[in-house]
Amino acid sequence: MDDRQLERLIFTQRPVPGPAFDLRISRQAQRLAGETQVMKKKISVLAIVVATVLSLALCGAVAELLGINLFELFGREDQRLAQLAPKAALNEVSPITMNDPKLGAGAAGINSAYYDGQSLVVAYAIRNGRYLEEFTPTQEQLAGMEQNNNPLAMALTNPETDDLIRQWNEATAAGKPFGFAEYTISPSDHTRTPEGLDLPPDSTSQLPGEDGQVFTVREYVSPLPEEARDLDVLHIEIGLFQTTHYHYFDGQQAYSRFERVDLEPMKATVWRTDAHIRRFEGQGSFAGVPFTVTVTASAAAAQVSLKAGDGVFPALPEDAWYAVHLRDGKLAEFRSLDGTSGGKDTLVFNFHGTGQAPDKLELQLRVDAEDGAELERPLKEPVFVTLTKTTP
Amino acid sequence: MPSDTRRDSFLKAVEARKHSMYRVALMMLRHPADAEDAVSDAVEITWRRLHSIRDLEALPAYLMRSTINACHAVLRKRRRETAMDALEQYLPPVQEETPVWMYLGNLKERYRLPLLLRFSENMSDRQIAQILKVPRGTVSSILSRGLKMLREQIEKEEKGCG
C-alpha cells in the first residue's frame, strides 16, 4: 500500500458524528451567541409610543426612525448607555432615504452619539434593510455565478425570519437543489472623518424594531486615535451599501454571486460633551515584580496600563492569562474587554465604563486560567491596588 | 459583548468545524459521549475567549486547539486511557479490508493527530503547526514519519493475519 492509498483510506473511513451531535452543538453555539445579545428583544409598547409621539414633530417614516434617542432604548438593557443618553443627543440628524423594488421604502441615519474626547459611541437606525426570497438562476445567470467548493451551513441571523436559510442548510445537507437571494442595506465597518481618519470599531449591539427597523449601537476602540481625541467637534460618516447576495446549490455544486451598490453615507456632527476624563495612579507588586499603574477613566470607558518596574511580567502557560478587575468607589464593576498574556514589561487592559466618571478606583490583578491549567504558586496570589486620583 | 462580525464568524466556524472537532476528540478520548462533551466544552471556552482572538481567520484553528485542550483536561481527570479496543467499537463499519482508523488510533498522539488533521480534515502544514504548536517544518517530517509508521503497522498486522 502506498502513501496515496493510505491517505485516501484515512479520509474515506473517517467517522461522522450523528445528527443528535450536530443539533446539540449548533444549538449550543446559537445559545451562546445570543446570550449576551439583545437582538431578540422587542421594543416595548412604551418605546413605540414615545417614538410615535416624537415623530409627529418630524415627518413620515424617517421621523419614526430617528425620533427616539436610541441610547435610551438600549439603556433599558444596559444601564451604562442609559446614563450616557442625556449626553448623546444630536442637534441635527441627516437621514438617507431610498426606494427599492425588493426592499421597499427604506431609510437610514445616525440617531445619537456620545463623544467625550477619548471615547465615541454611535447609535444608528436602518429601516427595511433586509429581504430574502427564493432564487433559481437561469442558465445565463448561473454562468455568471462563482462556483464554491463546499456549500457551508449558514448561521441564522434572525431565527424567527430566516426560514430560507434554514431551508438552505437542510437542502445542502440532503443534496437537494435550492437557492435564495438576500437583499440588504448594510452599514460599512468603517467610520470616517473628513480628515481621512478611520475610527476603529470595537463592538456593536442590535435591537430589531417594528416594521423592518433595526437599531444599532456601535462602540469604538477607546481611547480613539490621537487625531480624534480632545476635539470640540467630531464630524463622522458611516458608508451605506445596498448588497445582493445570491446563493444556489444544484444538488452537487454550490454557486454564489455578490453585487454591491454604494449609497450616500450616514453623516453626523458630534459635539464633545462636558464629561470628565479622570486619571489615577498606583503601585503594586505581583509574583515578585513591582509595577506602577496608570488609569484613564470616563463614564464611557477606562484603560489600565501596568508597567513593570524592573524586568517583565512572568510569562504564563498557554491556557492562562492576566486579568484586571476594576471597580469604583460605589463598588460598580467596569466591564473588562480583554485579557493578555505575560512575558512583557507593559500590560494594557480596556474596559467599558460604568456610566459615571469615577472618583475612586481600586483594581485587582490576577491570573485566570482554564480548568486544568497548572500555575506556579506566586501566580495564584491576586494583588489589590487602591489608586490615587491625579486629576480634579 | 462580541461584535456581530465576531458572533457570525464564531457561528460559521463552529458549523464548519464541528465534525473535525468531534473526530479529533474521538481519536484522543476514544469514547463518543466524552468526545461530544469535549467539543461542547471547546465551543463554550472559545466563545468565552472570543474577545481576545485578534485574527478571526484563526478561529477554526482556535476551535481545534480548544478541543485538544478540552480532551487533555478529560484525560488528566481520567488519569488513564480507555482500552485500545474501545475506539474500534465506536468507529463506523468499514467495508475495506484495512481498518485504517483503528491502526491510526494505535499511533502515539504526536503522529496520529497530525495525520488526522492533514488527511481527514484537509488542513495545511501551517494550520496544523498553529493548532499543535509545533514548528511548521516539523509538521511535514512528522507526517512523513507517521505515514511510514502507519504503513508498517498495517503490513505487520496483515502479515500476521496472513
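Mentor: Let us start with A:Leu326, which counts as buried because its relative accessibility is 0%. Buried means under 20% relative accessible area, exposed over 50%, and partly exposed in between, with a 1.4 Å probe and protein chains only. Two notes on reading: this is a predicted model, where local features need pLDDT of at least 70, side-chain atom pairs count only at pLDDT 80 or more, and totals for chains, interfaces and linings use all residues. Residues are numbered from 1 along each chain as its sequence is written, chains are lettered from A and ligands numbered from 1 in the order in which they are written, and side-chain values use heavy atoms, with hydrogens and water left out.

Trainee: In which strand does A:Leu326 lie?

Mentor: Helices (H or I, at least four residues) and strands (E, at least two) are DSSP runs, numbered from the N terminus. A:Leu326 sits in strand β15 of chain A, residues 320-328.

Trainee: Which residues is A:Leu326 in contact with, leaving aside its neighbours within four places in sequence?

Mentor: Contact means heavy atoms within 4.5 Å. The contacts of A:Leu326 beyond those neighbours include A:Ala302, A:Val304, A:Phe334, A:Phe351 and A:Leu387. Now take a distance. From A:Leu326 to A:Ser336 it is 8.1 Å, C-alpha to C-alpha, and they are 10 residues apart in sequence.

Trainee: Now the chains. How many helices and strands does chain A have?

Mentor: Chain A has 8 helices and 19 strands. Of its 392 residues, 48% count as buried. Chain B has 8 helices and 0 strands. Buried residues make up 50% of the 162 residues in chain B.

Trainee: Is B:Arg112 buried or exposed?

Mentor: B:Arg112 counts as buried because its relative accessible area is 4%. Its place is in helix α6 of chain B, residues 109-120. The side chain of B:Arg112 reaches the backbone oxygen of B:Leu107 at 3.0 Å.

Trainee: Next, the interface. How many residues of chain A are in contact with chain B?

Mentor: 48 residues of chain A are in contact with 49 residues of chain B. Buried area is the accessible area (1.4 Å probe) that two parts lose on being put together, summed over both. Here chain A and chain B bury about 4700 Å², 57% of it on carbon and sulfur atoms. In chain A, A:Ile10, A:Gln13 and A:Pro15 lose the most area to chain B, together 15% of what that side buries.

Trainee: How many salt bridges does the rule find across the interface of chain A and chain B?

Mentor: A salt bridge is a side-chain nitrogen of Lys or Arg within 4 Å of a carboxyl oxygen of Asp or Glu. The rule finds 4 across this interface. One salt bridge joins the side chains of A:Arg24 and B:Asp37, at 2.9 Å, N to O.

Trainee: Which elements give two or more residues to the side of chain A that touches chain B?

Mentor: They are α1 (3-12), α2 (19-35) and β8 (201-208) of chain A. α2(A) gives the most, with 12 residues.

Notes: Polar contact = N/O pair within 3.5 Å; in protein donor to acceptor, adjacent residues only side chain to side chain.
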